Amino acid sequence: MNAFLYASASLASVLAVYLATGSGLPKTTRHLLSAAMLILASLNLLTLLALGDPGSPLLVLRPALAVALSALLYLHFATATRTSQKLQPGDAIHMIGPLAATAVRLLPNPGQWLDLVIALPNLCYLGLIGWDARRGTTSFENLGPAVAALLDQWRRLVLVFLVFVMSFDILIMLEIGVDSDAAPQPLMFEAAGMLLTLGFTYLLVSSLHRKGPLMWASSRQRDHNPEHEALIAQLEDQLLASSAFLDPNLTLQRFARKVGVPPREVSAAINDHRHCNYNQWLNNFRIKEAQRLMREYPAKSVTEVMFASGFQNKSTFNAAFLAASGESPTAWRSRFSDHAT
């Protein structure tokens with residue numbers, strides 16, 4: 001049996017627990033990466049099973065997990081760049097790849113069709129992550145400069161990992177293609193397991209030493225700057241005085257130009273002293289304005305209040321209102337009306 005595959009599966013499981021219980025990133029983003037680590041551990045164990053018992057019915061899961069791994073890694077980065085920082089209904093499209101892989105695997109003679117249905121989605125996700133990587137740290141600017149730098153570094157490591165996995169799969173395909181009765185050599189899996197073990201060991205050791213690409217929470221602490229206290233007060237005074245938060249298109253860059261402060265400094269000050277990203281900070285002011293409008297103008301509809309307070313769509317408004325007050329706009333207005341009477 002391959003000791004390295006056992007070791008890498010164990011380390012991946014430990015990393016999954018570490019990520020699920022950690023902090024420093026949006027919960028959905030962390031949990032997606034944690035799920036990817038669990039899938040990677042499962043793939044290692046299924047590989048061991050394939051070497052020892054090629055006819056096991058559990059192996060039907062392997063193609064779906066191979067595609068799901070890339071999908072989860074892509075969504076891990078995608079959710080970190082979103083305003084809501086959560087999954088969206090449209091993300092259900094990423095289930096097509098794993099379902100297609102399972103369907104082909106259940107065919108009597110899947111042959112190279114199975115290789116194709118695994119390789120194509122993985123190539124697509126590799127391309128999507130690589131395309132987003134061209135933006136560098138600006139992809140994650142709402143999370144603060146320190147976290148953005150670490151996430152950008154982590155994304156490059158994930159790209160290298162995906163290239164490694166795909167290259168490994170191609171080698172197996174070529175080996176079997178030469179001789180249809182051939183089975184991949186255990187030595188290949190041993191080499192792959194050794195590399196994965198070294199990679200996971202690096203991630204765990206660097207994390208314990210407060211270094212490396214997974215140290216998002218500690219990076220926020222290191223980024224604390226006493227000068228940000230005066231800056232955040234200045235930013236909020238200018239935001240309130242100009243009512244700029246009512247502009248639905250007030251991006252970080254536009255606001256930074258308006259106040260004459262670099263976007264990186266604006267984001268860092270908000271992250272350091274308000275413990276949230278720029279969009280969350282801005283929405284807090286909009287929610288306060290929405291509550292004021294509902295108190296003073298009870299005849300206004302929720303939709304009218306939404307647009308008047310700087311929001312453009314109902315889902316973002318409801319999510320921000322719920323995060324700020326713990327209840328929906330309708331429930332809040334109803335409760336306020338009851339108290340007023």
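Modeller: What follows covers some helix contacts and a few single residues.

Modeller: This is a predicted model, where local features need pLDDT of at least 70, side-chain atom pairs count only at pLDDT 80 or more, and totals for chains, interfaces and linings use all residues. Residues are numbered from 1 along each chain as its sequence is written, and side-chain values use heavy atoms, with hydrogens and water left out.

Biologist: How do the axes of helix 2 and helix 3 cross?

Modeller: They come within 8 Å and cross at roughly 160 degrees. Axes are lines fitted to C-alpha atoms, for helices over the stretch in contact, and angles run from 0 to 180 degrees between N-to-C directions. Helix 2 is therefore roughly antiparallel to helix 3, a term for angles over 145 degrees. Helices are DSSP runs of H or I with at least four residues, numbered from the N terminus.

Biologist: What meets what between helix 2 and helix 3?

Modeller: Residues in helix 2 including Leu32, Ala36 and Leu43 meet residues in helix 3, among them Leu65, Leu69 and His76. The residues of that contact divide into 16 nonpolar, 6 polar and 1 charged. Ala, Val, Leu, Ile, Met, Phe, Trp, Tyr, Cys and Pro count as nonpolar, Asp, Glu, Lys and Arg as charged, and the others, Gly among them, as polar.

Biologist: Staying on helix 2, is Asn44 buried or exposed?

Modeller: Asn44, in helix 2 (residues 27-52), is buried because its relative accessible area is 5%. Buried means under 20% relative accessible area, exposed over 50%, and partly exposed in between, using a 1.4 Å probe and protein chains only.

Biologist: And what is Asn44 in contact with?

Modeller: Leaving aside neighbours within four places in sequence, Asn44 is in contact with Leu5, Ser8, Ala9 and Leu196. Contact means heavy atoms within 4.5 Å.

Biologist: New topic. Which residues of helix 4 are buried?

Modeller: In helix 4 (residues 96-105), the buried ones are Gly97, Pro98, Ala101 and Val104. They cover an arc of only 130 degrees around the axis, so they sit on the same side of helix 4. The arc is that of the directions from the helix axis to the C-beta atoms.

Biologist: What do they pack against?

Modeller: The buried residues of helix 4 pack against helix 3 (62-81) and helix 5 (111-133). The face turned away from that buried side carries the exposed residues Ile96 and Leu99.

Biologist: Last one: what about the phi of Ser243?

Modeller: Ser243 has a positive phi of about 55 degrees, although it is not a glycine. Ser243 lies in the loop between helix 9 (227-242) and helix 10 (252-259), and counts as partly exposed because its relative accessibility is 33%.

Note on methods. Helices (H or I, at least four residues) and strands (E, at least two) are DSSP runs, numbered from the N terminus. Angles under 35 degrees count as roughly parallel, over 145 as roughly antiparallel, 65 to 115 as roughly perpendicular and the rest as oblique.
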